[in-house]
Every structure is written in C-alpha cells, then in structure tokens.
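My notes follow in the order I looked things up.

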Amino acid sequence: AVNAVVHLPLASRPSEAVREATLGECVGNAVRRYLDDLGDSQCDDLYALFLGELEMPLLREVMRWSGNNQSRAAQALGLSRATLRKKLQTHGLI
C-alpha cells in the first residue's frame, strides 16, 4: 500500500520536530477550512465540487512526475490510457 506524505510543521515553535501528514489529513484539513469559510451559506453538490478540484492537480502532478508519459501516468493512476487522455483533455492539460 502507498501512503503519500508531505512534511508539515505542526507547531509554531522552531524547536518542535516536523511530522509527516498523510494525504488524507491534508485533504481533511482543506475540506474543513472550506466548510468553515462557507459558514451558513447555501451549498449544493459539494461532492462533485471537491472531486473536480482534486482531479486536475492530481492529473497535473502525476503527468509531471511521469515526464508527461501518458502510459506511465495511466498505470500509476489505475486508469486506461484512453481514460487518462479524455480527463487530460477535459481539464485542458493537453
């Protein structure tokens, strides 16, 4: 299993160690901030909104990581190359 991590400082004190945050924790924090900012405002279709917001940077970074090799990126993402191409076109990445 893959556990994607990024290094985030968790405290403002310079002497504290940096710990690794999981991808899920990073996404959870972003969702929490968004919902806090939303407050009492009406919202609809948050699921589609969040998937759309996550898909483009995911595709962009995996393509960068793969050296723009669509076959390698598709394999890493668990998609067919045709599906990846369609998604890249939809997001204007090719």
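Predicted model: local features only at pLDDT ≥ 70, side-chain atom pairs only at ≥ 80, totals over all residues.

**Entry 1: H1 and the layout**

I started with helix H1, residues 23-38. H1 has 16 residues, and I get 23 Å from its first C-alpha to its last, close to the 22 Å expected.

Then I stepped back to the whole protein chain. I count four helices and two strands. Read from the N terminus, the order is β-β-α-α-α-α. Of the 94 residues, 13% are buried. I also looked at contacts with a separation of 6 or more: 20% of these join residues 24 or more positions apart.

Next I went to the loop between H1 and H2, where I found Asp 45. Its phi is positive, near 60°, and Asp 45 is not a glycine. Buried or exposed, this Asp 45? I have it at 55% relative accessibility, so Asp 45 counts as exposed, the cut-off being over 50%.

**Entry 2: H2, length and faces**

I ran the same length check on H2. Its 20 residues should span 28 Å, and the end C-alpha atoms are 29 Å apart, so the two agree.

Which residues of H2 are buried? I find Leu 59, Val 62 and Met 63. Looking down the axis of H2, I see the buried residues fall within an arc of 90°, so they line one face of the helix. On the face turned away from the buried side I noted the exposed residues Glu 53, Arg 64 and Trp 65. The cover over the buried residues of H2 includes H3 and H4.

I also picked out Gly 52, which is in helix H2. At 35% relative accessibility, Gly 52 counts as partly exposed. I checked Gly 52 against His 91: these two are 39 residues apart along the chain, yet their C-alpha atoms are separated by 9.4 Å.

**Entry 3: the aromatic pair**

I searched for aromatic pairs and the count came to one. The partners are Tyr 34 and Phe 50, edge-to-face, at 5.3 Å centre to centre with 80° between the planes. Tyr 34 belongs to helix H1 and Phe 50 to helix H2, so the pair ties together parts that are 16 residues apart in sequence. I looked up the accessibility of Tyr 34 too: at 35% it counts as partly exposed.

Just after H2, I found Gly 67 with a positive phi of about 65°. Asn 68 has a positive phi of about 65° as well, although Asn 68 is not a glycine. I place Asn 68 in the loop between H2 and H3. With a relative accessible area of 56%, Asn 68 is exposed, because the cut-off is over 50%.

**Entry 4: the core**

What makes up the largest nonpolar core? I list seven residues: Leu 59, Val 62, Met 63, Ala 73, Ala 74, Leu 84 and Leu 88. H2 (46-65), H3 and H4 (81-90) each give two or more residues to this core. The largest share, three residues, comes from H2. As a general point, nonpolar side chains in soluble globular proteins tend to be buried together.

Leaving aside neighbours within four places in sequence, Ala 74 is in contact with Leu 79, Ser 80, Arg 81 and Leu 84.

**Entry 5: Gln 70**

My last stop was Gln 70, in helix H3 (residues 70-77). Gln 70 has a relative accessible area of 11%, so I file it as buried, under the 20% cut-off. Not counting residues up to four places away in sequence, Gln 70 touches Met 63, Arg 81, Leu 84, Arg 85, Leu 88 and Ile 94. Among the core residues I had already listed are Met 63, Leu 84 and Leu 88.

Key. Residues numbered from 1 in each chain as written. Heavy atoms only, no water. Buried < 20%, exposed > 50% of the residue type's maximum accessible area, 1.4 Å probe, protein only. Contact = heavy atoms within 4.5 Å. Core = buried A, V, L, I, M, F, W, Y, C linked by side-chain atoms within 4.5 Å. Expected span 1.5 Å × (residues − 1). Arc of directions from axis to C-beta. Phe/Tyr/Trp six-rings, centres within 6.5 Å; stacked < 30°, edge-to-face > 60°.
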